[in-house]
Amino acid sequence: MNMDFTPKKDYFSPMHTAEHVLNQTMVRLFGCERSKNAHIEKNKSKCDYFLPQPPTPEQMAQVQQQVNEVLAWHLPVTARTLSRAEAAQIPGLDMSKLPADAGDKLRIVFVGDYDACPCIGAHVENTAQVGQFILSSWEYQEGRLRVRFKLKDPCDNKFKTGEKE
Ligand SMILES: [Zn+2]
């Protein structure tokens with residue numbers, strides 16, 4: 001069993017945090033599952049979702065708008081170590097991506113009360129640091145929606161408390 005909960009993935013933390021918000025937004029708007037094969041890079045990322053029919057351009061515009069609204073709430077991003085039983089109490093928590101050897105203690109990452117997800121990656125401390133979410137393109141083919149996105153003006157530094165915008 002792996003008992004080391006320090007973040008292991010060296011994802012660019014603003015981009016990786018944006019992925020959490022995007023996943024939850026897709027779940028809420030389309031009722032689909034979170035992306036299971038995200039490719040997160042510093043400059044551009046992509047996520048795949050499985051939908052029974054293609055989204056409309058209006059729906060995809062809504063995805064971008066809702067992600068940016070959530071980021072603008074300046075939600076704290078926190079990680080807590082919970083047992084599987086405790087994690088199971090969190091409504092909607094998707095544990096299907098967990099590796100088989102994840103053990104009983106799970107690191108759950110919370111984006112305010114908008115999203116909760118088991119994750120060992122590195123994240124920003126506040127959604128204010130993610131910058132602006134830009135949905136650069138999307139394509140739908142045979143039930144798979146591929147979304148490409150990037151960030152404008154992300155901030156990888158520590159969030160300055162008391163800073164006003
Ligand atoms: Zn994460």
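With 5 C-beta neighbours inside 10 Å, E142 counts as exposed (exposed means 12 or fewer other C-beta atoms within 10 Å of a residue's own, buried means 20 or more, and partly exposed lies in between, with C-beta atoms placed from the backbone). This is a predicted model, in which local features need pLDDT of at least 70 and side-chain atom pairs count only at pLDDT 80 or more, while totals for chains, interfaces and linings use all residues. Residues are numbered from 1 along each chain as its sequence is written.

**Overall layout**

- The protein chain holds 3 helices and 6 strands (DSSP runs numbered from the N terminus, with H or I over at least four residues for helices and E over at least two for strands).
- Starting at the N terminus, the order of elements is α-β-α-β-α-β-β-β-β.
- Of the 165 residues in the protein chain, 30% are buried.
- Contacts here are pairs of residues whose C-beta atoms, placed from the backbone, lie within 7 Å.
- Among contacts in the protein chain between residues at least 6 apart in sequence, 69% join residues at least 24 apart.

**Nonpolar core**

- The largest nonpolar core has 28 residues (such a core is a set of buried Ala, Val, Leu, Ile, Met, Phe, Trp, Tyr and Cys residues joined through C-beta atoms within 7 Å).
- At least two residues of this core come from each of α1 (13–30), β1 (45–50), α2 (57–72), β3 (105–111), β4 (115–118), β5 (132–141) and β6 (144–152).
- The most is given by α1, with 5 residues.
- A18, V21, L22, V67 and F133 have the most contacts inside the core.
- Not counting residues up to four places away in sequence, L22 touches C47, V67 and F149.
- In soluble globular proteins, nonpolar side chains tend to be buried together.

**Packing of α1 and α2**

- The axes of α1 and α2 come within 10 Å and cross at roughly 130 degrees (axes are lines fitted to C-alpha atoms, for helices over the stretch in contact, and angles run from 0 to 180 degrees between N-to-C directions).
- That angle makes α1 oblique to α2, because angles under 35 degrees count as roughly parallel, over 145 as roughly antiparallel, 65 to 115 as roughly perpendicular and the rest as oblique.
- On the α1 side the contact is made by V21, L22, T25, M26 and L29, and on the α2 side by Q59, Q62, V63, Q66, V67, V70 and L71.

**H123**

- H123 sits in the loop between β4 and β5.
- With 25 other C-beta atoms within 10 Å, H123 is buried.
- Leaving out residues up to four places away in sequence, H123 touches S13, H16, T17, V77 and V109.
- H20 is 103 residues from H123 in sequence, and their C-alpha atoms are 9.6 Å apart.

**K152**

- K152 lies in strand β6 and is exposed, with 9 other C-beta atoms within 10 Å.
- Apart from neighbours within four places in sequence, K152 is in contact with G131, Q132 and I134.

**Positive phi values**

- Most residues other than glycine have a negative phi.
- E142, in the loop between β5 and β6, is not a glycine but has a positive phi of about 50 degrees.
- D153, in the segment after β6, is also other than glycine and has a positive phi near 55 degrees.
- D153 is exposed, with 9 other C-beta atoms within 10 Å.

Methods: Contact = placed C-beta atoms within 7 Å.
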